[in-house]
Amino acid sequence: MRTPSLVLTLSLLAMPIGLAGQGPAPTTAPAPSLDPSRLTQPLAEDWPTYSGDYTGKRYSALTQVDRTTVKQLSLAWTARLSAGNGAGGGGRFRFGGAPVIVGGSGPADLPAVPANVKGTPLMINGVLYVTSPDNAWALDARDGRELWHYFWRTKGSTPIANRGVGIWKDYLFFVTPDNFFVSLDAKTGKERWNKEHADFDQQYFSTMAPIVVDNHVIVGTGNDIDSPGYIQSFDPETGEIQWRFYTVPMKEGDPGLDTWPNLQSAKYGGGHPWLPGVYDPETRLYIFGTGNPIPAYTAGRGEGDNLYTCSLVAVHVDTGKMAWAFQTSPHDMHDWDSAQTPILFEGTIDGKPRKLVSTAARNGYFFTVDRVTGEHLVTTRYGMATNWAKTIDKKGSVRRNPIKDPTVPGALTSPTSGGTINWEPPAYSPDTKLFYVTERNGYAIYYLTDPDPRGSMGLGGKEEVAVGSAGNFLTAIDPTTGKVVWRRPYPSAGGGFGGGGGGGLLTTAGKLVFAGDAGGNFVAYDAESGAPLWHSRIGNVSNAAVTYELDGRQHILVASGDMLYAFALYE
Amino acid sequence: MRPGSAWVAAAALGMAFSVTVRATSEAPPQAPAQPPVIEGHGGPPPPGQPTPASPQTPAPRPAGPGGGGPGRFPAQQRPKGDPEVIQRGRGLFAGACGPCHGADARGGQLGGPNLLRSELALNDKDGELLYPVIKNGRPGTAMVPTALPDPDIAAVIAFVHDLHSKIGGQGNPPPGDEVELDIVVGNARAGEAYFGANCASCHSASGDLKGLATRVAQPKALQNLWVSGGRALARGGGGVRPVGAPRTVTTATVSPASGESVKGTLLRLDDFMVTLALPDGSQRTFRRAGDNPKIEIVDPLEGHRALLGKLTDANMHDVTAYLVTLK
């Protein structure tokens, strides 16, 4: 009985291989020719930058998939990504794969980190550009077939994620965990040049998707050890640095220095801009969030506000000069960065139309600010269980209750250090006028284990034990008031310990919100009510879905680890 | 026979809906491991799951604990120095550098910078940056030239590099001397009163909690245990269940609009499916459509979860101070 079934299995397996092997493997993609001015247009057929467009809304104007037709959403194709230099690439259809182009200066024997897509694929002119740490792929957006694969041999570092590529004309840009800013020819995957944009010796590591604005390519740093955060702008042709903006004071006279005990402390104060920001073409301001101060959990940085950590910061894209800054949480003590990608939108506050920017921070608070002036307008708590704050001050910043800092006998605090939200992007719909975000309400006991008054370093000096949760939600907020309009629970059998919302959100003019729930389902929710309308159990969703239209057919593309799944209406 | 086969056989015989369900007091079938949602940096693992070496790294390569290993950072990748030289450097550092930089190099009373995160020290490959500063000092600062002979300076540099090689991922400092910290700071009598008012409906010091502090001797583990209701079992949330710690099993009764109710251990619940583990080891899944089937969940930890929202740190410390007396 065994032999026939084995033969049957083999013949089934052979079918797709045979099909994929019929033609010669392609080695080039069509020219993307993405004119940077395209990025200021509303988001529709393509997905040309990290958040879709510059506003951060992750809102697509496509309507083929809507609340009625979503019931017919069906699998169009899948692709498995194989990281590293093995087997000629090609994913599950190995014999049809493209050759791997290898760059980087690391040792040849360091094994590749398995592919895990935790960034945003771009789709331009029928080609998808997807990344995982040290790897970039071009895939045919119609069927997931690999066009080329670039692999970077790393020197080491912390490969937690890569958030995707940026594209300027025919050039593609991405960063590696060991801090190289790499430019590829988007057609062939051939390397144009690479530049070290942050110091590997200081344990910087890089995850951000580069953001292209005119002739600027903007990249930010990441690091958990005590080095300063910064963003840099590069020339897309040459990779030369145009400007660098530090998020913490680096020399005498820098603004915010009086909020640190001394320059030494400020210079090693963190504030890393982990994630892509947004851009307002009218003011030419690039607006982004900054990370937490370091040491993250202990003494060692005085009692001041530690500017400009945990802030929304606006810089002029041509000069890197700061226009305004708003601090969400002075003197954070829990590794709760405010690096989340903010969202630009228009709204009415007190009867007056305003140009606004909102962010839902890792610390459980929601903020809306005038994006032209930086004037604070709204601060509310959206993390239902969030319990660390003492007051909201006159500036709208949330001031901590020091008894909720890590203490020797333990402080029972919500959220966990992972935060109410982490890197997973939120979304905003101009149809419903709602801001959608994942809300997690975990509790942890934070113990101080290093009471040395000099403080610890990095994320050291504390022990954190998760002890329960008040539940996780897909949460819709009115960003003009900060009020939660509805919460859709992500149910789980773990009694409130479940996940949900992993990877982030997509919303469309079809009045849908796409998210992964706690049960491994990829779900389409009604953007008005939060009711689930369609789902497919593909496993834990690892990135925010994107949508694009090809040949008149709307695709919804989402990743679960090393797998990509494209859905479209059944035909 | 595997449980799965039993279920298939039962279904094939049309017996699936006539299985009599007992309340499960036995150890439940292991819930299928839910792959953890991979988050950004930071955050503990969910309770009951062991702390991964690096929470979000898909395939962490071990940090070289003493340099020279296949670590991910330059300081860990540098060839390991001669242990004797490093040891000599440690002594020299403590005497010559410690007063300003601290014997552990994390900065000292006299204001010397923390060398664990010093840009200069981290970038130094083989003394090319550190040697001139140690030898000649830094004019205009408190860093004065040293009279140490060159071999001693080299030993000090070897010691600093060795310290750097022990810096962990996410900037965790090199291990230092273990500091004993007493977490029992609360008032045991106040804790007993709180216990009487809030916990005694389910627990008793002479019943299920008798000898608790003997079974769980470490106060921190005890506090984690009782606050989480048994889910956070040890440091970092993982670890072995202490002998006698209560098993907490969430059960559910699923009642379809037509057909018999089924009761079992709740294995999975989302908006679309509910899965129960049945006493015979099989699993049963029901499709959900709105309120059908009806699902009644009994979670013995409901009380603990409700407590999280109202428990103050003072309450928590008081109750812990009381529970550590239950030897």
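A residue counts as buried if 20 or more other C-beta atoms lie within 10 Å of its own, with C-beta atoms placed from the backbone. The legends below describe close-up views of a predicted model.

Figure 1. B:Gly107 counts as buried because it has 23 C-beta neighbours inside 10 Å. Leaving aside residues up to four places away in sequence, B:Gly107 touches B:His101, B:Gly102, B:Gly112, B:Pro113 and B:Asn114 of chain B, as well as A:Arg454 of chain A. B:Cys97 stands ten residues from B:Gly107 in sequence, and the two C-alpha atoms are 9.9 Å apart in space.

**Figure 2. The contact between chain A and chain B.** On the side of chain A, 67 residues are in contact with 66 residues of chain B. Strand S26 (411-413), strand S28 (434-448), strand S29 (462-478) and strand S34 of chain A each supply at least two residues of the side that touches chain B. Of the elements of chain A, S29(A) gives the most to this side, with seven residues. Sorted by class, the side of chain A that touches chain B has 30 nonpolar, 28 polar and nine charged residues.

**Figure 3. An open sheet of four strands in chain A.** The strands follow the order S20-S21-S22-S23, and their pairing is antiparallel. At the edges are strand S20 (343-349) and strand S23 (376-381) of chain A, each of which pairs on one side only. From one strand to the next, the twist averages 30°. S20(A) and strand S21 (residues 352-360) of chain A run antiparallel and are joined by seven bridges. In one of these pairings, A:Ile349 has A:Lys352 in S21(A) as its bridge partner.

**Figure 4. An open sheet of five strands in chain A, with mixed pairing.** In this sheet the order of the strands is S1-S31-S32-S33-S34. Strand S1 (59-60) and strand S34 (532-537) of chain A are the edge strands, and each pairs on one side only. S1(A) runs parallel to strand S31 (residues 506-508) of chain A, and two bridges join them. The bridge partner of A:Ser60 in S31(A) is A:Thr508.

**Figure 5. Chain B and its assigned domains.** Chain B contains twelve helices and five strands. Of its 327 residues, 37% count as buried. Among the contacts in chain B with a separation of 6 or more, 58% are between residues 24 or more positions apart. The domain assignment gives domain 1 (74-171), domain 2 (188-243 + 303-323) and domain 3 (249-299). Taken over C-alpha atoms, the centres of domain 2 and domain 3 of chain B are separated by 31 Å.

**Figure 6. Confidence along chain A.** Chain A has a mean pLDDT of 91, and 92% of its residues reach 70 or more. Over residues 1-24 of chain A, pLDDT stays under 50, and the model has eight contacts for this stretch beyond four places in sequence. The pLDDT is also below 50 over residues 87-95 of chain A, a stretch with 30 contacts in the model beyond near neighbours in sequence. Where pLDDT is low, predicted coordinates should not be read in detail.

Terms used: Residues are numbered from 1 along each chain as its sequence is written. Chains are lettered from A and ligands numbered from 1 in the order in which they are written. This is a predicted model: local features need pLDDT of at least 70, side-chain atom pairs count only at pLDDT 80 or more; totals for chains, interfaces and linings use all residues. Two strands pair if DSSP finds at least two bridges between them. Axes are lines fitted to C-alpha atoms, for helices over the stretch in contact, and angles run from 0 to 180 degrees between N-to-C directions. A residue is buried if 20 or more other C-beta atoms lie within 10 Å of its own, exposed if 12 or fewer, and partly exposed in between; C-beta atoms are placed from the backbone. Two residues are in contact if their C-beta atoms, placed from the backbone, lie within 7 Å. Ala, Val, Leu, Ile, Met, Phe, Trp, Tyr, Cys and Pro count as nonpolar, Asp, Glu, Lys and Arg as charged, and the others, Gly among them, as polar. Domain bounds come from an automatic or database domain assignment. pLDDT is the predictor's confidence in each residue, from 0 to 100.
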